Amino acid sequence: MREQENTNVLEPTYPCTQCGACCKVMHTVETTLPYDETGRCAYLVDAESPDGRPIYLCSVYETRAEVDCPTLNSMKPVDVPWFDFYAFMIRSCALLQESIGVDSSYKPQMTPDLAAILRSMSEE
Ligand code: SF4
Ligand code: SF4
């Protein structure tokens with residue numbers, strides 16, 4: 001969970017695995033962000049997770065929940081429950097990862113804890 005900037009509203013944290021897939025297909029979306037000839041965002045940085053896996057960090061945003069990313073919490077339609085929205089986004093990430101050959105171990109997971117949080121938020 002994280003607090004929205006300048007508000008006390010809590011938002012869940014999307015289970016992004018930092019695979020970088022959504023930042024490597026910028027040529028397929030309408031964006032003002034700079035990217036190279038392969039579609040890779042100019043702000044994407046190669047890194048390594050604590051357990052030694054390659055990950056890709058954003059040099060602009062702490063999380064991929066901001067402008068121009070496909071996992072925007074802010075993109076959630078008001079009448080769509082949080083659980084359904086995250087389930088849809090997780091499926092979208094998985095399809096994108098599959099389409100560009102990202103290892104399936106990077107698929108975001110809907111853990112029981114996250115599901116419980118999202119369901120309780122939708123009941124508020
Ligand atoms: S494709 Fe999904 S899991 Fe991968 S970096 Fe983007 S938001 Fe995260
Ligand atoms: S999260 Fe960062 S690296 Fe990825 S598309 Fe957005 S600005 Fe670029």
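1. Is Q18 buried, partly exposed or exposed? Q18 counts as partly exposed, because it has 18 C-beta neighbours inside 10 Å, and a buried residue would need 20 or more. This, like everything below, refers to a predicted model.

2. Q18 sits in the loop that joins β2 (10-11) to β3 (44-48). Its phi is positive, about 60°, although Q18 is not a glycine. Most residues other than glycine have a negative phi.

3. On the overall layout, the chain contains 2 helices and 4 strands. Read from the N terminus, the order of these elements is β-β-β-β-α-α. The chain has 124 residues, of which 15% count as buried. Among contacts with a separation of 6 or more, 49% come from residues 24 or more positions apart.

4. Ligand 1 is surrounded by 12 residues. The closest of them are C16, C19, A21, C22 and C93. By type, the shell around ligand 1 consists of 7 nonpolar residues, 4 polar ones and 1 charged one.

5. M121 belongs to helix α2, which covers residues 112-123. M121 has 15 C-beta neighbours inside 10 Å, so it counts as partly exposed.

6. Which residues does M121 contact, leaving aside its neighbours within four places in sequence? They are P12 and W82. The C-alpha atoms of M121 and P81 are separated by 8.1 Å, while the two residues are 40 residues apart along the chain.

Definitions and conventions: Residues numbered from 1 in each chain as written. Chains lettered and ligands numbered in written order. Predicted model: local features only at pLDDT ≥ 70, side-chain atom pairs only at ≥ 80, totals over all residues. Buried ≥ 20, exposed ≤ 12 C-beta atoms within 10 Å, placed from the backbone. Contact = placed C-beta atoms within 7 Å. Near = placed C-beta within 6 Å. Nonpolar A, V, L, I, M, F, W, Y, C, P; charged D, E, K, R; others polar.
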